[in-house]
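Please look at the structure shown below.

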Amino acid sequence: MKMSFRWYGNDDPVTLTNISQIPGMRSVVSAVYSVPVGEVWPMEAILEIKDSCEKHGLIFDIVESVPVHEDIKLGKPSRERYIENYCQNIRNLAKAGVKVICYNFMPVFDWLRSSLNFENEDGSTSLIYREEDVLAMDPSKGDLSLPGWDSSYTKESLGKLLDEYKGIDEEALWRNVEYFLKKIIPVCEECDVKMAVHPDDPPWGIFGLPRIVTTEENLARYLALVDSPCNGLTLCTGSLGANPENDLPRMIRRFGAEGKIPFMHVRNIKYVGERGFNETAHKTECGSLNIYEIMRALYDVKFDGYIRPDHGRMIWGETGRPGYGLYDRALGAVYLNGLWEAINKENER
Ligand code: DNO
């Protein structure tokens, strides 16, 4: 198991020095943020991240994310150029020593939350999701003030994009992702890079947009589109776990045994009503997910991929990027490493 930590580059209030001081930290999960979606990342920018990490005794060998241009998800003719660029990014990243690339195939929106600073009883703040609050907004009317949402879309461009998706149902999205994977996975095989698709968050369709990376059945279908060790998953417990019917340890045992989980995102959530949850501290007792059983399942499939503590709360007065502060994620990393050590030692006896 390779412990890692997400870093948003030089603008991140969390520094590489901070990250290097977390016990057991190995890799940095990062990306080139200065290049528009769909374009090629300059080699110098990739190497700059690598060098900065190495100066801090850390390794840059996993990327989150190389975003997929909407034209690829929509299956437009212009996808050819964006897929070619995507392949070039894979080649460039491989040259710099990157082994795993995380990405998602969610139309228009990445993860959705209804609040980024819900105040918990102990004074910490969390990201939360309440479906009714999200659905009360109408993105096509520009009535969208979702936190974390890409504000680079203007009202008009968002409306236009949503219109384009009117012709895209789940099956069309499946076809478009298959087309994409068939082009990029052979390049990954040549360069020895694994793709790790991130599940949809939350794992169900929203605003009438299709979402397909949602359930065990769909994950299996996704992997079967191109059966290759390079076509894998980012198994995100908080995203998939938002649907209580998703049995996370079972998914880990199934897909982990097939060697199809190059990357784990581990966090806990507490269910609040139907289609609602609060993000909590990582510890099992703090939420609805059994983090011990998740780590145990990883141990049982001899997991040797990358793992990172996902979203933390804001604690101890920290301010910064919601979900991505230093303190609670560092506690999460240490907790996960602690569980891992205990499970390993117990089983070596
Ligand atoms: C949220 C993240 C996601 C993830 C992308 C992967 O905190 O887990 O934004 O990075 O979906 O492409």
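**From a helix to the ligand**

In helix H11 (residues 291-300), the residues Ile 291, Ile 294, Met 295, Ala 297 and Leu 298 are buried. Because they span an arc of only 155° around the axis, they lie on the same side of H11. The arc is taken over the directions from the helix axis to the C-beta atoms. Buried means that 20 or more other C-beta atoms, placed from the backbone, lie within 10 Å of the residue's own. Helices (H or I, at least four residues) and strands (E, at least two) are DSSP runs, numbered from the N terminus.

This is a predicted model: local features need pLDDT of at least 70, and side-chain atom pairs count only at pLDDT 80 or more, while totals for chains, interfaces and linings use all residues. Residues are numbered from 1 along each chain as its sequence is written.

The cover over the buried residues of H11 includes helix H9 (237-241), helix H10 (248-257), strand E9 (263-266) and helix H12 (327-348). Leaving aside residues up to four places away in sequence, Ile 294 touches Thr 237, Leu 248, Pro 249, Ile 252, Val 266 and Leu 289; contact requires C-beta atoms, placed from the backbone, within 7 Å.

Ile 294 is also among the residues with the most contacts inside the largest nonpolar core, together with Ile 101 and Ile 184. This core has 81 residues; a nonpolar core is a set of buried Ala, Val, Leu, Ile, Met, Phe, Trp, Tyr and Cys residues joined through C-beta atoms within 7 Å. Helix H7 (residues 170-191) supplies its largest share, 7 residues.

Around the ligand, strand E4 (residues 100-104) gives the most to the shell, with 3 residues.

Note on methods. A residue is buried if 20 or more other C-beta atoms lie within 10 Å of its own, exposed if 12 or fewer, and partly exposed in between; C-beta atoms are placed from the backbone. Two residues are in contact if their C-beta atoms, placed from the backbone, lie within 7 Å.
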